[in-house]
Structures are given as C-alpha cells and as structure tokens.
Amino acid sequence: MAEFIGVQTSGDLWTTLERAYNHHSTERTQNLRDSLCQLKKGNLFVSDYAKKFKSLCDHLQEIGYPVDPMDKTHWFLCGLGPAFETLSTVQRVVYPPPSFIDLVSMAEGHELS
C-alpha cells in the first residue's frame, strides 16, 4: 500500500491507517453529499430512486451529518426530473415541507398518473 511508504513508527502507521479508512472523513462526507445531490431518477421507478436516495441520507446520518429536511426535499425533487416538474413546483412552496415518506408517496402517485 502506497500510503505506508516512509512511515517510520507504529504511531505514524496508526495515524496513516486512520486517515485512509476513517468513514467519518471530510472527503467521505463530501462524496456522499455530492452523490445525493447528483442522484437522478432517470429510468428507475420512483420507489427504487427513493431507496437509493434514502440510503445516501442514512449513511450521512450514521456518520453524524444528517441532511436538513429542506435540503432533502429539494434534492429529491430535483432528481425526479422534468416529468415531475408540476409536482416539484407545488411541493417547493408547501410549508412545512411534507415528510420524506409523504413526498415519495406523492411522487409514486404522480408516476402512475
């Protein structure tokens, strides 16, 4: 492993290992957030898109960086795509925003119509 080249002491080795495999790293947090806001429904069913979306949110929650509910609503609606523009427009002005479960149900209903 290239990470260990030049490591002189066991303390340095542990520090290097921690940096390499720390699931709470800033880089991991940013990668998860990027994946979340770049996720698109595409050809997926709403339920499959929602599962992927929720999984990313859950990972962020697990490492101590929960997604703000307004961001969660915004990113989920953005990822649905143009076929859901009417639903997205309406839900963006609703306050308080619907729960994620309710939002998924509305998108599933829209998908069937």
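Residues are numbered from 1 along each chain as its sequence is written, and side-chain values use heavy atoms, with hydrogens and water left out. Because the model is predicted, local features need pLDDT of at least 70 and side-chain atom pairs count only at pLDDT 80 or more, while totals for chains, interfaces and linings use all residues.

**Fold**

The protein has six helices and zero strands, and its elements run α-α-α-α-α-α from the N terminus on. Helices (H or I, at least four residues) and strands (E, at least two) are DSSP runs, numbered from the N terminus. Of the 113 residues, 27% count as buried. Buried means under 20% relative accessible area, exposed over 50%, and partly exposed in between (1.4 Å probe, protein chains only).

**Salt bridges**

The structure holds two salt bridges, a salt bridge being a side-chain nitrogen of Lys or Arg within 4 Å of a carboxyl oxygen of Asp or Glu. One joins the side chains of glutamate 111 and lysine 41, at 4.0 Å from N to O. Glutamate 111 lies in helix H6 and lysine 41 in the loop between helix H2 (26-38) and H3, so this pair ties together parts that are 70 residues apart in sequence. Lysine 41 counts as buried, whereas glutamate 111 is partly exposed.

Aspartate 58 and lysine 54 form a salt bridge in which the closest N and O atoms are 2.9 Å apart. These two residues are four residues apart in helix H3, so about one helical turn separates them. Aspartate 58 is partly exposed, and lysine 54 is partly exposed.

| Residue | Relative accessible area |
|---|---|
| Glutamate 111 | 28% |
| Lysine 41 | 10% |
| Aspartate 58 | 30% |
| Lysine 54 | 38% |

**Other positions**

Lysine 40 is found in the loop between H2 and H3 and is partly exposed, with a relative accessible area of 48%. Its C-alpha atom is separated by 9.8 Å from that of lysine 52, which is 12 residues apart from lysine 40 along the chain. Methionine 106 lies in helix H6 and is partly exposed at 30% relative accessible area. Between the C-alpha atoms of methionine 106 and glutamine 91, 15 residues apart along the chain, the separation is 9.6 Å.

**Surface patch**

Val90, Val93 and Val94 make a nonpolar surface patch of about 250 Å². Patches are made of residues with over 30% relative accessible area and no salt bridge, with like charges joined within 9 Å and nonpolar side chains (Val, Leu, Ile, Met, Phe, Trp, Tyr) within 5 Å. Valine 90 is placed in helix H5 (residues 85-93) and is partly exposed, with a relative accessible area of 44%.

**Largest pocket**

The largest pocket has a volume of about 160 Å³. Of the 13 residues that line this pocket, Cys57, Val67, Pro69, Lys72 and Phe100 are the closest to its centre. On a 1 Å grid over the protein atoms alone, a pocket is an open set of points where a 1.4 Å probe fits, with protein on both sides within 12 Å along at least five of seven lines; lining residues have an atom within 4 Å of a point. Helix H3 (46-62), helix H4 (69-80) and helix H6 (100-112) each supply at least two residues of the lining. By class, the lining has eight nonpolar, three polar and two charged residues.

Key
Grid points are joined across faces, edges and corners, and a volume is the space filled by probe spheres set on the points. Ala, Val, Leu, Ile, Met, Phe, Trp, Tyr, Cys and Pro count as nonpolar, Asp, Glu, Lys and Arg as charged, and the others, Gly among them, as polar. Accessible areas come from the Shrake-Rupley method with a 1.4 Å probe; for residues, only the protein chains shown count as cover.
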